[in-house]
Amino acid sequence: MSKVKAYVAPSEAAPLVASTINRREVGPDDVQLDVLFCGICHSDIHTVRGEWGKQTYPLAPGHELAGKVTATGKNVSSFSIGDHVGVGCLVNSCLECEPCKTGHEQFCQKGAIATYGSVDRDGTVTQGGYTQSAVVNQNFVVHIPKNLPLDAAAPLLCAGSTLWAPLKRWNAGPGKKIAIIGFGGLGHVGLKLAKAMGAEVTILSHSDKKRDDALKMGAAAFYRMDAEAFTSLAESYDVILNTVSATVDTNAYLNLLKFDGAFVVIGADPTPTVSLSTSVGISKQRVFTLSLISGIKETQEMLNFCGEHNVLPEIEVIPAQYINDAFDRVVASDVRYRFVIDTSTM
Ligand code: NAP
Ligand code: ZN
């Protein structure tokens, strides 16, 4: 066991503070990495603030780890010291059930182990990426293409993988009209991915502030959603991806789908009940569905795709001391468009 520097939440109401966490010794199937950068996902905030239920504290959040391999266990053959690697939202699963075997470890029937705040198989509570070092089972480590800078690549580990899965599932590509609700960390990566896949992308936002940025990043259109926009955009999209961290009017958005279109919930509104209008759904055979991150194979595919198409998140690199201010800015929709912690400042 070794102690490494980290930023941890002491309780759900307290700001994060500099501290240390324990990391296990490198086992035969483990990869040890220097975590050089870690993105701040809104899920980190929901979690440490107790919005998704009780946690065990102190807790280091962070599931967008990017860094370099520093040691490997004896059974590890696909990673070498110095490799650029990432770790996303998962660090363990049974690897034997049907979801695991088909590359959907996030749906492991024995319970997927999240990168932080989960009780791992050895009984310890997992600690995330707001730290300088991690030890992770090789099956949950992915390669980051060498042409992607590690700071900007970090958000791909959650935001990228989370948008990739539904874009693939709902066939984003030429001829598809996709709308993304919420232009934050997830939303802006979704725009870049969908655009690189050849789809036409529209951003639906709750203010006008990000219009120029969205258009510069390749959006075909941008709307601040008001009554007029909801009327004029009826039956416009094949797919709508909702990445908003708060409650939206789902039925109003469902009405913006074409016949057979799909509304995909990605944003994890802490008030998790949706009341669906059957008439809005049935009248156009619309699909209401939800999506949870990606499996490991898909995450690697997404990273390779980003390497080939040079898809990179827009980031603001911050020192660790700024994490609490960054949290407040994320909650205020004032992130442009992902904060990434430079862990050398810890
Ligand atoms: P984020 O950077 O804060 O982006 C969320 C965006 O939602 C904001 O930029 C804002 O966009 C919009 N928004 C925020 N508050 C709003 C409000 N009160 N009313 C209307 N719109 C509002 O967060 P993120 O990191 O992208 O994460 C988004 C959500 O996805 C979070 O709930 C997170 O936990 C969840 N998540 C889910 C998965 C999954 O697997 N399903 C994975 C990762 C994260 P505009 O300013 O453009 O309106
Ligand atoms: Zn996340």
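Predicted model: local features only at pLDDT ≥ 70, side-chain atom pairs only at ≥ 80, totals over all residues.
**Exercise 1. Find which residues Q138 is in contact with, leaving aside its neighbours within four places in sequence, and decide whether Q138 is buried or exposed.**

*Solution.* 
Step 1: Once you skip the neighbours within four places in sequence, Q138 is in contact with D29, D30, V31, N75, V76, S77, S78 and F79.
Step 2: You'll find Q138 in the loop between β8 (133–137) and β9 (142–143).
Step 3: Check the accessibility. Q138 has 15% relative accessibility, and buried means under 20%, so Q138 counts as buried.

**Exercise 2. Now try R24: where is it found, what does it touch, and is it buried, exposed or partly exposed?**

*Solution.* 
Step 1: Go to the loop between β2 (17–23) and β3, and there's R24.
Step 2: List the contacts, not counting residues up to four places away in sequence. R24 touches M1, D30, D120, V135, V136 and N137.
Step 3: R24 and V135 are 111 residues apart along the chain, yet a separation of 6.7 Å is all you get between their C-alpha atoms.
Step 4: Use the cut-offs. The relative accessible area of R24 is 33%, which falls between 20% and 50%, so R24 is partly exposed.

**Exercise 3. Work out which residues coordinate the zinc ion (ligand 2), and how they are spaced in sequence.**

*Solution.* 
Step 1: Start at the ion and look for donor atoms. The zinc ion (ligand 2) is coordinated by SG of C41, NE2 of H63 and SG of C158, at 2.0 to 2.2 Å.
Step 2: Write the donors in chain order. The spacing is C-x21-H-x94-C.
Step 3: See what the C41 and H63 pair does. C41 sits in the loop between β3 (30–39) and α1 (42–48), while H63 sits in the loop between α1 and β4 (65–72), so this pair ties together parts that are 22 residues apart in sequence.
Step 4: Check whether these two are covered. C41 is buried, with a relative accessible area of 3%, and H63 counts as buried too, at 9% relative accessibility.

**Exercise 4. Describe helix α10 (residues 296–309): its span, its buried residues and what those residues pack against.**

*Solution.* 
Step 1: Take the span. α10 has 14 residues and runs 20 Å from first C-alpha to last, close to the 20 Å expected at 1.5 Å a residue.
Step 2: Pick out the covered positions. The buried residues of α10 are I296, E298, T299, Q300, M302, L303, F305, C306 and G307.
Step 3: Find their packing partners. These buried residues pack against β6 (90–92), β9, α4 (159–169) and α5 (185–196).
Step 4: Step past the end of the helix. Just after α10 comes N310, with a positive phi of about 55°.

**Exercise 5. At what angle do α4 and α10 pack, and which residues make the contact?**

*Solution.* 
Step 1: Compare the axes. The two helices α4 and α10 pack at about 95°, and their axes are 9 Å apart. That makes α4 roughly perpendicular to α10.
Step 2: Name the residues on each side. α4 brings G160, S161, W164, A165 and K168, and α10 brings E298, T299, E301, M302 and F305.
Step 3: Sort them by type. The contact has four nonpolar, three polar and three charged residues.
Step 4: Zoom in on S161 of α4. S161 is buried, with a relative accessible area of 2%. Apart from neighbours within four places in sequence, S161 is in contact with L156, I293, S294, T299 and M302.

**Exercise 6. How many residues of α5 are buried, and what do they pack against?**

*Solution.* 
Step 1: Size up the helix. α5 has 12 residues and reaches 17 Å from first C-alpha to last, close to the 16 Å expected at 1.5 Å a residue.
Step 2: Count the covered ones. 10 of the 12 residues are buried, so α5 is mostly covered; among them are G185, H188 and L191.
Step 3: Look at the surroundings. The buried residues of α5 pack against α4, β10 (177–181), β11 (200–205), α6 (211–216), α10 and β17.
Step 4: Move on along the chain. α5 is followed by G198, which has a positive phi, near 100°.

Notes:
Residues numbered from 1 in each chain as written. Chains lettered and ligands numbered in written order. Heavy atoms only, no water. Helix = DSSP H or I, 4+ residues; strand = E, 2+ residues; numbered from the N terminus. Buried < 20%, exposed > 50% of the residue type's maximum accessible area, 1.4 Å probe, protein only. Contact = heavy atoms within 4.5 Å. Expected span 1.5 Å × (residues − 1). Axes fitted to C-alpha atoms, helices over the stretch in contact; angles between N-to-C directions. Parallel < 35°, antiparallel > 145°, perpendicular 65-115°, else oblique. Nonpolar A, V, L, I, M, F, W, Y, C, P; charged D, E, K, R; others polar. Donors = N, O, S within 2.8 Å, 3.2 Å for Na, K, Ca; no water.
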